[in-house]
Amino acid sequence: MKSKTIVAVLVSLVIFVACDKNDDEQLNEITGKYTGTLSLKSVVKSGSSSDDHAYADVMIIGEQIQIHCYGGELDTTFMLDYYQHSDSVFVCHTGEEFEQIYGHMLGENHIPGGMMGDSHSEETEWMHHLSDEHEEGDEHFGNFDMRHNTFNYLFKMSDGDYQFMGTK
């Protein structure tokens, strides 16, 4: 009986570590260089757009990702929070940018009990983030599609919207 208990504990531990490793591996897969296009849809000239070759260098730094996007008239580096959701990883602003876009501080609506302490078992990190931090209709600007190794992001600028679409 004692050996069955030990075996059950070991099997559970292996499954737990394997699941955790898969999440880490998926997140590590988003790092690297994405090559694609940067499209500008001009606010002034309705309907006009241009496509330039562009690149996005993605790195995980601590609990966030750093993105350096450059090409055409755009060269910017910024930090985002990331959340897994099935075969995708979605991104969201953090800090002051989050407050400016959504009108409240990140974590203001978070229920006490730890990062995922108040989530439901069937809820992904992204679903939890949406229910905990956002209201219906809040806009998000990018994601990674893990099946196709793609990254897209929409930059909202005063002279128009820049859309980066790239493949790793």
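Which residues lie nearest the centre of the second largest pocket? The legends below answer this and describe other close-up views of a predicted model.

Residues are numbered from 1 along each chain as its sequence is written. In this predicted model, local features need pLDDT of at least 70 and side-chain atom pairs count only at pLDDT 80 or more, while totals for chains, interfaces and linings use all residues, and side-chain values use heavy atoms, with hydrogens and water left out.

**View 1. The second largest pocket is lined by 13 residues.** Of these, H93, E97, Y153, F155 and K156 lie nearest its centre. A pocket is an open set of points on a 1 Å grid over the protein atoms alone, where a 1.4 Å probe fits, with protein on both sides within 12 Å along at least five of seven lines; lining residues have an atom within 4 Å of a point. The volume of this pocket, the space filled by probe spheres set on the points (joined across faces, edges and corners), is about 220 Å³. Two or more lining residues come from each of β4, α2 and β7, and β7 gives the most, with five residues. Helices (H or I, at least four residues) and strands (E, at least two) are DSSP runs, numbered from the N terminus.

**View 2. K156 has its place in strand β7.** This residue is partly exposed, with a relative accessible area of 46%; buried means under 20%, exposed over 50%, and partly exposed in between (1.4 Å probe, protein chains only). Leaving aside neighbours within four places in sequence, K156 is in contact (heavy atoms within 4.5 Å) with E139, F141 and D161. K156 and F141 are 15 residues apart in sequence, and their C-alpha atoms are 8.7 Å apart.

**View 3. The largest nonpolar core has 31 residues.** Such a core is a set of buried Ala, Val, Leu, Ile, Met, Phe, Trp, Tyr and Cys residues joined through side-chain atoms within 4.5 Å. I67, F144 and F164 have the most contacts inside the core. Among the elements that give two or more residues to this core are β1 (32–42), α2 (95–102) and β8 (160–167); β4 supplies the largest share, five residues.

**View 4. Residues 3–22 have a pLDDT under 50.** The pLDDT is the predictor's confidence in each residue, from 0 to 100. For this stretch the model has zero contacts beyond four places in sequence. Across the chain, pLDDT averages 77, and 68% of the residues score at least 70.
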